Amino acid sequence: MRLMISRFIAILLLAIPGVAATYGFLAMKNEIFRYFSDFGNDQITPAFGWLRFIVGAFLFLAGIAFIGGWIFFRDRKRNYVSSRFKPKRPRPPRSGSTS
């Protein structure tokens, strides 16, 4: 039962940033669409909703960064990444130093 609960929590840890990234993308898309669609209406002056767009961009980037970091560190732990992304091991000190 404990394993099932921990896996459910892990799924939620990935699903919540995924939903936030999706909402952010949709908010940005809707704001751009609303701005360009207002050009056809002569009764109003089109104004871009910067606040909603910036909040959407933040949610999108934060969600993508969290999921990308999660995948990167999981792959690093399982040794799936390239050698340049592996943790650096300290070199052993040289014997016979000339100090």
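**Salt bridges and overall form of the chain**

The model is a predicted one, in which local features need pLDDT of at least 70 and side-chain atom pairs count only at pLDDT 80 or more, whereas totals for chains, interfaces and linings use all residues. Residues are numbered from 1 along each chain as its sequence is written, and side-chain values use heavy atoms, with hydrogens and water left out.

Arginine 34 takes part in a salt bridge with glutamate 31, the closest N and O atoms being 2.4 Å apart, a salt bridge being defined as a side-chain nitrogen of Lys or Arg within 4 Å of a carboxyl oxygen of Asp or Glu. The two residues lie three positions apart in helix α1 (residues 2–37) and are therefore separated by about one helical turn; helices (H or I, at least four residues) and strands (E, at least two) are DSSP runs, numbered from the N terminus. Glutamate 31 is buried, at 3% relative accessibility. The side chain of arginine 34 also meets that of aspartate 38 in a salt bridge (3.0 Å, N to O), and aspartate 38 is buried, with a relative accessible area of 14%.

At the level of the whole protein chain, two helices and zero strands are assigned. The radius of gyration of the protein chain, taken over C-alpha atoms, is 24 Å, whereas a compact globule of 99 residues would have a value near 13 Å, the globule rule being 2.2 Å times the number of residues to the power 0.38. The C-alpha trace spans about 85 × 50 × 20 Å along its principal axes, and 14% of the 99 residues count as buried. Of the contacts (heavy atoms within 4.5 Å) with a separation of 6 or more, 56% are accounted for by residues 24 or more positions apart.

Note on methods
Buried < 20%, exposed > 50% of the residue type's maximum accessible area, 1.4 Å probe, protein only.
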